[in-house]
Amino acid sequence: MLAGRERGVGWPAWRAQPWAFTVVFPRPPQPLLDRWPLATDERGNAHVVLMPGVPPERVDRFVADLRDTVAAASGLLPGALAS
């Protein structure tokens, strides 16, 4: 769910393993990291563990925030990227 949604806003993402709850993606811009506690690694990746029970609304907020942060970093207006 999250990996496909991130790709939909122009941010690459993939599952760590096909059956995993972990979604890995390139480290997002710092403003997003300031708002969301994401684990990052030395290879320039971040990840989220989506355990059962995570409300879909939380995923929606994260994806919208990622979309707007990427748009702002690109000089676009928030919401300008497809969601």
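1. A quick term before we start: a residue counts as buried when its relative accessible area is under 20%. Keep in mind, too, that this is a predicted model. With that in hand, take Trp36 and Phe62: both of them are buried.

2. What shape does the pairing of those two rings take? A pair of aromatic rings is described by the distance of the centres and the angle of the planes. For Trp36 and Phe62 the centres are 5.2 Å apart and the planes stand at 85 degrees, so this pair is edge-to-face. Trp36 sits in the loop between helix H2 (30-35) and E3, while Phe62 belongs to helix H3, so the pair ties together parts that are 26 residues apart in sequence.

3. The count of aromatic pairs comes to 2. Phe25 and Phe62 make a tilted one, with 6.1 Å from centre to centre and 50 degrees between the planes. Here Phe25 is in strand E2 and Phe62 in helix H3, so parts 37 residues apart in sequence are tied together. Phe25 and Phe62 are both buried.

4. A handy place to begin is Thr22, which stands opposite Val49 in E4.

5. Together with Phe21 and Met51, Val49 makes a nonpolar surface patch of about 280 Å². Met51 is found in the loop between E4 and H3. Is Met51 buried, exposed or partly exposed? Its relative accessibility is 44%, so Met51 counts as partly exposed.

6. Last stop: helix H3 (residues 56-73), which is where you will find Thr69. Thr69 has a relative accessible area of 5%, so this residue is buried. Which residues does Thr69 touch, leaving aside those up to four places away in sequence? The answer is Pro29, Pro31, Leu32 and Arg35.

Note on methods: Residues are numbered from 1 along each chain as its sequence is written. This is a predicted model: local features need pLDDT of at least 70, side-chain atom pairs count only at pLDDT 80 or more; totals for chains, interfaces and linings use all residues. Side-chain values use heavy atoms; hydrogens and water are left out. Two strands pair if DSSP finds at least two bridges between them. Helices (H or I, at least four residues) and strands (E, at least two) are DSSP runs, numbered from the N terminus. Buried means under 20% relative accessible area, exposed over 50%, partly exposed in between (1.4 Å probe, protein chains only). Contact means heavy atoms within 4.5 Å. Patches are made of residues with over 30% relative accessible area and no salt bridge: like charges are joined within 9 Å, nonpolar side chains (Val, Leu, Ile, Met, Phe, Trp, Tyr) within 5 Å. Accessible areas come from the Shrake-Rupley method with a 1.4 Å probe; for residues, only the protein chains shown count as cover. A salt bridge is a side-chain nitrogen of Lys or Arg within 4 Å of a carboxyl oxygen of Asp or Glu. Rings of Phe, Tyr and Trp (its six-membered ring) pair if their centres lie within 6.5 Å; planes under 30 degrees apart count as stacked, over 60 as edge-to-face and the rest as tilted.
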